[in-house]
Amino acid sequence: QVQLVESGGGLVQPGGSLRLSCAASGFVFSVYDMSWYRQAPGKERELVATISSAGNSTNYADSVKGRFTISRDNAKNTVALQMNSLNSEDTAGYYCHGRYFNNFSVEYWGRGTQVTVSS
C-alpha cells in the first residue's frame with residue numbers, strides 16, 4: 001500500500017538545524033512532485049517547499065527561503081528537508097506530500113512529524 005513516512009522531527013533551540021526525511025513506498029515515486037507542508041496549532045496548513053519529479057526545480061515559501069532546502073533521491077524513494085536557522089515560527093507539524101498530475105491528479109500525504117523550536 002502507499003506510504004509516506006516522515007522522520008527527523010524533534011525539539012531544537014532557536015538558530016539550530018534539523019533534517020526531515022520522508023520515505024515513500026507503494027507508488028512510482030519518480031513521477032511525483034514532492035512537497036513539505038506544515039501546520040501550526042490554530043493555523044492553516046501551508047506549503048513550505050516543492051521539488052519537481054526529476055529534482056531539477058524547487059520552490060519555497062518566502063518565510064523559509066534561504067534557510068530550508070528540499071532535495072530528493074529517486075533511487076531511494078526519499079525526499080528530505082534541511083532546515084537551518086530555525087526560529088519559533090517554524091514550530092509546526094511537518095507533512096510530506098506527493099502529487100502526480102496528468103489528465104487527473106493523485107495525491108498522497110504522510111502522517112507528519114513534529115518540529116518544536118524552543119529554548
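What share of the contacts in the chain with a separation of 6 or more is accounted for by residues 24 or more positions apart? In this predicted model, in which local features need pLDDT of at least 70, side-chain atom pairs count only at pLDDT 80 or more, and totals for chains, interfaces and linings use all residues, such residues account for 53% of these contacts, a contact being heavy atoms within 4.5 Å. Residues are numbered from 1 along each chain as its sequence is written, and side-chain values use heavy atoms, with hydrogens and water left out.

The chain holds 0 helices and 11 strands, where helices (H or I, at least four residues) and strands (E, at least two) are DSSP runs numbered from the N terminus. The C-alpha trace spans about 45 × 25 × 25 Å along its principal axes, and the radius of gyration of 14 Å agrees with the value near 14 Å for a compact globule of 119 residues, the radius being taken over C-alpha atoms and the globule rule being 2.2 Å times the number of residues to the power 0.38. Of the 119 residues, 38% are buried, where buried means under 20% relative accessible area, exposed over 50% and partly exposed in between (1.4 Å probe, protein chains only).

Most residues other than glycine have a negative phi. Asn77, however, has a positive phi of about 55°; Asn77 lies in the loop between strand E7 (68-73) and strand E8 (78-83) and is partly exposed, with a relative accessible area of 24%. Ser85 likewise has a positive phi, near 50°, and is placed in the loop between E8 and strand E9 (92-101), where Ser85 counts as partly exposed at 42% relative accessibility.
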